[in-house]
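This report goes through selected features of a two-chain model, one topic under each heading. The sequence and structure come before the details.

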Amino acid sequence: MPLTPAITDLEQLKDHAIVADLLAWNAEAVQSARFDRDELTIYIARESIREACDRLKAQGLADFLSDLTCADFYPREPRFEMAYHLLSMKRKERVRLKVVLGGDDATVESITPMWPSANFFEREVFDLFGIRFLGHPYLRRIMMPEDWEGHPLRKDYPVEGYR
Amino acid sequence: MGHLPNPVLDPTEDKTMILNMGPQHPSTHGVLRLLLEIDGETIVRMMPDIGFLHTGIEKTCEAKFYQQVVPLTDRIDYLCPMVNNLCYVMAVEKLLGLEIPPRAQWMRVMLAELQRISSHLVWLGTHAMDIGAMSVFLYCFREREDLLRIYEMVSGQRMMTSYFRIGGLALDPPLGFFEKVKKFLDVFPEKVDEYENLLTGNRIFIDRLKGVAKISAEDGLAIGLTGPSLRASGVDFDLRRDMPYCGYENFKFKVPVANDGDVWARYVCRVEELRQSREIAKQALEGMPSGPTKAEAPKVVLPDREKMKTQMEALIYHFKIVTEGFTVPEGEVYQAIESPRGEMGYYIVSDGTAKPLRVHMRSPSYANLQALPQMCEGRLIADVVAAIGSIDIVLGEIDR
């Protein structure tokens, strides 16, 4: 399908069930929203991500954590953007929650306690991006050797590695 | 991963011990290492240790042009490379807003289903061999060989096909290709009967599988199970039917669901999927539209060889795409498809240049592996082998 301009105005997206629900729950936690290429993205304040996931789960708007990952926008600051891809099998709909993290304080609350599937995904992000998840039961490297230095998927880490 | 300075699991009581299974173990289907804390022969705790095959594909993708990533995606899940190609190219096409001609879409569906069959054949053969049924393996690989020949015919490669490209297909299918596919699809149901004759009524096979490694629907959803492994627990959800992509809404097929959530249920679901995939491939073959196999997008799709020889413009576009790549408008997409193992998803972030800023693969095996400890704890070591086979993991996809 040809590209249409993204809708970035929160006012226009108010009627969307998920946006409406999150705004009704805690309007301060919703920083912005974007509807682009048939996908809804909602930026959530860092402190509220766990509660936001909790809320969507409790309201039946998302019942499955598809994916959890991160992207590094170095040298921009804040450089990290966490992406939580939630799926509702009942409503057949996806939503992406995003949290922006700064490089000097890359910590976010873990959602593993409520979604056990986040366990490996968060370990992977910790290993490859160096983001710390508060409340994760077992935050250790998963892909790289235990004694590895650095976080390979950061943009300031060379593609060939350090030699 | 690997060389842990201290044991990951500490024996909680004196009577338990730690057993190391893998990474060199024939029935871990690759380089999977499992740390088992056992009490006699019963597993108290289990912990998968992965990363032995980590090649940093996601990092490599960031250094390549968009079209150069396609061959890398083959190598993630080497049992169904075209399904990975499909997921990646669909994600990029979504970023570009590119329309794909119907013939290319139907070819994609047909080949994706053939890949599902060949992937399930490897699963069936190795799973049965893990349990002790040797001959099924030989039968399965006989049919898989036919399929590999079909892939070779269409793409020039048996395994790392890279046949789907951004904007369509690499080549038009050659003469005689559809006849060959038809021949395979016509005889395939008999072959499935043959496997079932060997396994479905087999007392030993049933005893080893029934009631083993159970997982409930709630637990499965919470731990991130997808695909046939989840459907065997009674969750009736298939991306092909429920969130159709690539023209799957045009095909009629059943989604096999079972309720027991044990290894046997997963076996039953997958064997039925073999038959259903054959149905889809047959429908695609019979209704194959004619027309071009590439989208009309000269800045993205490589021009035909013939045009390059006669038209200056085509030659310039070809040169540009090969040397500089093509730029992709800024944005991010998450494209998910139903791979033979479950939800395969590509999350691509574009910053408006010719190289992706981030490519993340949500591989189904990675999430499915998390369910293994829940399935095995409290059961015998011998059941671990059955459980690993039943979630059908590919380590290339887990470690990436």
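Asp392(B) lies in the loop between helix 16 (381-391) and helix 17 (395-399) of chain B. Helices (H or I, at least four residues) and strands (E, at least two) are DSSP runs, numbered from the N terminus. The phi of Asp392(B) is near 55°, a positive value in a residue other than glycine. Asp392(B) counts as buried because it has 26 C-beta neighbours inside 10 Å. A residue is buried if 20 or more other C-beta atoms lie within 10 Å of its own, exposed if 12 or fewer, and partly exposed in between, with C-beta atoms placed from the backbone.

Ala213(B) also has a positive phi, near 50°, and is not a glycine. The loop that holds Ala213(B) runs between helix 7 (203-209) and helix 8 of chain B. With 25 C-beta neighbours inside 10 Å, Ala213(B) is therefore classed as buried. Most residues other than glycine have a negative phi, and most peptide bonds are trans.

## Basis of the model

This is a predicted model, in which local features need pLDDT of at least 70 and side-chain atom pairs count only at pLDDT 80 or more, while totals for chains, interfaces and linings use all residues. Residues are numbered from 1 along each chain as its sequence is written, and chains are lettered from A and ligands numbered from 1 in the order in which they are written.

## The sheet of chain A

In chain A, five strands make up an open sheet with mixed pairing, in the order 1-2-5-4-3. Two strands pair if DSSP finds at least two bridges between them. Strand 1 (30-36) and strand 3 (64-72) of chain A are at the edges; each has a single partner strand, so one side of each has no neighbour in the sheet. From one strand to the next, the twist averages 20°. Axes are lines fitted to C-alpha atoms, for helices over the stretch in contact, and angles run from 0 to 180 degrees between N-to-C directions.

Strand 3 of chain A runs antiparallel to strand 4 (residues 80-88) of chain A, and eight bridges join them. Within this pair, Ala71(A) has Glu81(A) of strand 4 as its bridge partner. Helix 2 (residues 49-58) of chain A packs on the sheet and touches strand 2 (39-44), strand 4 and strand 5 (93-101) of chain A. The direction of helix 2 makes about 170° with that of strand 5 of chain A. Two residues are in contact if their C-beta atoms, placed from the backbone, lie within 7 Å.

## Cis prolines in chain A

Tyr74(A) and Pro75(A) are joined by a cis peptide bond with omega about 5°. Pro75(A) is placed in the loop between strand 3 and strand 4 of chain A. Another cis peptide bond joins Glu77(A) and Pro78(A), with omega about 0°. Pro78(A) is likewise found in the loop between strand 3 and strand 4 of chain A.

## The sheet of chain B

Chain B has an open sheet of three strands in the order 1-2-3, paired antiparallel. Its edge strands are strand 1 (17-21) and strand 3 (42-49) of chain B, each of which pairs on one side only. Neighbouring strands are turned against each other by 25° on average, direction ignored.

Five bridges link strand 1 of chain B with strand 2 (residues 33-39) of chain B; Asn20(B) has Leu35(B) of strand 2 as its bridge partner. Seven bridges link strand 2 of chain B with strand 3 of chain B, and Asp39(B) is partnered by Thr42(B) of strand 3. The hairpin of strand 2 and strand 3 of chain B has two residues between the strands, and Gly40(B) takes a positive phi near 65° there.

## A helix pair in chain B

The axes of helix 5 (residues 134-155) and helix 6 (residues 177-199) of chain B come within 11 Å and cross at roughly 165°. The two helices are therefore roughly antiparallel to each other; angles under 35 degrees count as roughly parallel, over 145 as roughly antiparallel, 65 to 115 as roughly perpendicular and the rest as oblique.

The residues of the contact of helix 5 with helix 6 of chain B divide into 13 nonpolar, one polar and five charged. Here Ala, Val, Leu, Ile, Met, Phe, Trp, Tyr, Cys and Pro count as nonpolar, Asp, Glu, Lys and Arg as charged, and the others, Gly among them, as polar.

## Contact between the chains

The contact takes 39 residues from chain B and 33 residues from chain A. The side of chain B that touches chain A divides into 19 nonpolar, 11 polar and nine charged residues.
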